[in-house]
Amino acid sequence: MKKLVALLLTLVIALGMFAGCTTPGGSGDGYTIEAGKLIMSTNAEFPPYEMKDDNGDYIGIDVEIAKAIAEKLGLELVIDDMSFDAALMAVQQGKSDMVMSGVSVTDKRKLVMDFSDSYATSTIVVIVKEGSDVTLDNMGEKMIGAQRGTTGYIYASDTPENGGYGEDHVIAFETDAAAVEALKNGQIDCIVIDNAPAAEHVAANPGLTILDGNWVEEEYAIGLPKGNTQLKEAVNKALAELKADGTLDTIVAKYISAG
């Protein structure tokens, strides 16, 4: 009888421990890494989606959307700034709850992370020096710059059979700003980059321009840990509410002029 009681007591303790556990990588709220917090990995050098103001505070479209989502979920937003590649890896390795950094949805990324519903449509364009002979048709003959890990880099460095130009024609940079400096210094002939930050860089650097026409069109979404359906559902619900009440449009309009 004592053995039976001891066994039952052991089972009760074990069940109690399991009841206090959360989903893998989860916390007390059941779907985030740390209870009460929503950790967002990003690369804060992608204006107007994420950047720092003169006081060193994070601002931008993604930042404000993330804050609005966190508020709806009753969580404190924590922003973890790092390289773009590292930001993508953080969500895969359980170091962040989500990645927002103008992240485009691709089949390859779907293999290692889940995605929220799309919250923005973007196009990749090409920056060149004014007077350049680079066109959308002859880029395969030129030296192209792109931020490491971005879809622009992935697409451009792919093989010609897959629509790219080959790795020999593409140089990876840690930031868009570094690529812009390389273009100004003549190290590369053009840059493939999302249209919104492209406009920011061209406005800040006289002598640069954007080629007419879009190189690629794609959708932005929030990267999430693979298999965390509870977090995905919560984020999608928050996004849907932000779309419905006009908050998303207001945030985008604050940073990107409709004209």
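User: In this predicted model, why are helices α2 and α8 called roughly perpendicular to each other?

Analyst: The axes of α2 (residues 61-73) and α8 (residues 229-244) cross at roughly 110 degrees, coming within 9 Å. Angles of 65 to 115 degrees count as roughly perpendicular, and the two helices are therefore placed in that class. Their crossing is right-handed.

User: Which residues make the contact of α2 with α8?

Analyst: From α2 come Ile65, Ala68, Ile69, Lys72 and Leu73, while α8 supplies Ala234, Val235, Ala238, Leu239, Glu241 and Leu242.

User: What makes some residues of this contact nonpolar and others charged?

Analyst: Ala, Val, Leu and Ile are among the types that count as nonpolar, whereas Glu and Lys are among the charged ones. On that basis the contact divides into nine nonpolar, no polar and two charged residues.

User: What makes a set of residues a nonpolar core, and how many residues has the largest one?

Analyst: Its members must be buried residues of types such as Ile, Met and Tyr, joined through side-chain atoms within 4.5 Å. The largest such set has 34 residues, and those with the most contacts inside it are Ile65, Ile69, Met98, Tyr119 and Ile222. Its largest share, eight residues, comes from α2.

User: Which residues does Ile222 touch?

Analyst: With residues up to four places away in sequence left out, Ile222 touches Ile69, Met98, Val99, Met100, Asp114, Phe115, Ser116, Tyr119, Val235 and Leu239. Each of these has heavy atoms within 4.5 Å of those of Ile222.

Technical notes. Residues numbered from 1 in each chain as written. Predicted model: local features only at pLDDT ≥ 70, side-chain atom pairs only at ≥ 80, totals over all residues. Heavy atoms only, no water. Axes fitted to C-alpha atoms, helices over the stretch in contact; angles between N-to-C directions. Helix = DSSP H or I, 4+ residues; strand = E, 2+ residues; numbered from the N terminus. Parallel < 35°, antiparallel > 145°, perpendicular 65-115°, else oblique. Left-handed = near helix turned anticlockwise from the far one by under 90°. Buried < 20%, exposed > 50% of the residue type's maximum accessible area, 1.4 Å probe, protein only.
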